[in-house]
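Welcome to a short tour of one protein chain. Please keep the sequence and the 3D view open while you read.

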Amino acid sequence: MDVRLTRAGNRAVGLALMVLVSAVLGTVVVTTARSPAKPAVPSPAAAAPAVGAPHVTAAPTKTPLPMKYVVLTFDDGPDAEYTPKVLDVLAKFDAKATFFEVGKNVVKHPELTKRIHEAGHSVQNHTWDHADLRKLGAAAFQKEVTSTDQAIRAQTGSTPTCLRPPYGGVSATVRQRAKAMGKDLVVWTVDSRDWTKPGTAAVVQRVLKNVHSGSVILMHDGGGNRTQTVAALPAILKALKAQGYGFRTLTC
């Protein structure tokens with residue numbers, strides 16, 4: 001049967017369809033408005049701490065090593081009289097140094113080795129009793145070095161990796177044995193010869209006359225009367241700093 005709507009019927013159907021579509025669209029709009037949107041992820045540059053949030057300190061950066069530098073080294077300590085005086089002068093000029101210590105002196109004055117380490121200086125091996133390593137057999141060589149390592153490690157928590165042979169005594173055998181023990185031999189390039197007690201002015205002149213960037217300077221804080229060394233040190237450090245030198249330590 002063919003059903004035909006009157007004009008009024010067509011209008012009624014059209015109106016009903018419009019109402020139905022409007023209802024559906026209204027539902028979609030409401031649903032969309034209520035659905036939570038995904039939060040935008042801020043870029044690192046845009047992310048700012050909220051007001052009242054705890055301040056986060058950036059990780060500290062390492063102080064760059066000086067490009068123009070010397071390495072100050074002190075042998076034969078620690079000594080109860082002279083080592084503290086050397087440390088006081090170094091602290092005054094904000095200078096760091098490397099101390100090549102004799103094992104038996106470390107055992108005698110452990111608090112000084114600990115003080116040197118805690119002040120930021122490097123503590124390294126200068127044998128147990130200042131023996132000439134060229135004249136020792138293999139067993140005696142090893143004992144001189146390992147005994148000193150143990151004494152220093154007990155105060156610093158670290159095992160020295162640098163070995164300064166007494167008298168600068170180096171030979172093929174000394175090099176071979178040191179390498180087998182994991183040690184780098186370190187001598188010097190500028191000798192103050194302070195141990196000869198030539199006078200304060202002479203110690204200062206010997207250092208400053210021969211120094212250049214990268215110089216390893218030899219002085220002493222033990223093994224005898226080091227009054228002249230202590231007296232010369234402020235003038236040496238003042239002049240070096242005025243010339244733009246910084247100070248590095250040895251860890252090998």
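Predicted model: local features only at pLDDT ≥ 70, side-chain atom pairs only at ≥ 80, totals over all residues.

Residues are numbered from 1 along each chain as its sequence is written, and side-chain values use heavy atoms, with hydrogens and water left out.

**The whole chain**

The chain has eight helices and eight strands. Both kinds of element are DSSP runs numbered from the N terminus (helices are H or I with at least four residues, strands are E with at least two). Of the 252 residues, 37% count as buried. Contact means heavy atoms within 4.5 Å. Among the contacts in the chain with a separation of 6 or more, 74% come from residues 24 or more positions apart.

Let us begin with helix α8, which covers residues 227-242. The expected span of a helix is 1.5 Å times one less than its number of residues.

Which residues of α8 are buried? They are Thr229, Val230, Ala232, Leu233, Ile236, Leu237, Ala239 and Leu240. These buried residues pack against β1 (69-75), α2 (82-92), α7 (200-210), β7 (215-220) and β8 (246-248). Just after α8 comes glycine 244, with a positive phi of about 90 degrees.

The table lists pairs of residues with their sequence and C-alpha separations.

| Pair | Apart in sequence | C-alpha separation |
|---|---|---|
| glycine 224 and tyrosine 82 | 142 residues | 9.3 Å |
| leucine 163 and glutamate 101 | 62 residues | 9.7 Å |
| alanine 172 and arginine 134 | 38 residues | 9.2 Å |

Glycine 224 sits in the loop between β7 and α8 and is partly exposed, because its relative accessibility is 33%. Leucine 163 belongs to strand β4 (residues 162-163), and it counts as buried because its relative accessibility is 0%. Alanine 172 is found in helix α6 and is exposed, with a relative accessible area of 59%.

Threonine 83 is in helix α2. Is threonine 83 buried or exposed? With 0% relative accessibility, threonine 83 counts as buried. Leaving aside neighbours within four places in sequence, threonine 83 is in contact with Pro78, Leu112, Ile116 and Asp221.

**Backbone details**

Proline 78 lies in the loop between β1 and α2. A cis peptide bond joins glycine 77 to proline 78, with omega about 0 degrees. Two residues other than glycine have a positive phi: for tyrosine 167 phi is near 65 degrees, and for lysine 197 phi is about 55 degrees. Tyrosine 167 lies in the loop between β4 and α6 (172-180) and, at 56% relative accessibility, counts as exposed. Lysine 197 lies in the loop between β6 and α7 and is partly exposed, with a relative accessible area of 43%.

A pocket is an open set of points on a 1 Å grid over the protein atoms alone where a 1.4 Å probe fits, with protein on both sides within 12 Å along at least five of seven lines; lining residues have an atom within 4 Å of a point. The largest pocket has a volume of about 230 Å³, a volume being the space filled by probe spheres set on the points, which are joined across faces, edges and corners.

The largest pocket is lined by 14 residues, and Asp76, His130, Tyr167, Trp195 and His220 lie nearest its centre. By class, the lining has five nonpolar, five polar and four charged residues. Here Ala, Val, Leu, Ile, Met, Phe, Trp, Tyr, Cys and Pro count as nonpolar, Asp, Glu, Lys and Arg as charged, and the others, Gly among them, as polar.

Terms used:
Buried < 20%, exposed > 50% of the residue type's maximum accessible area, 1.4 Å probe, protein only.
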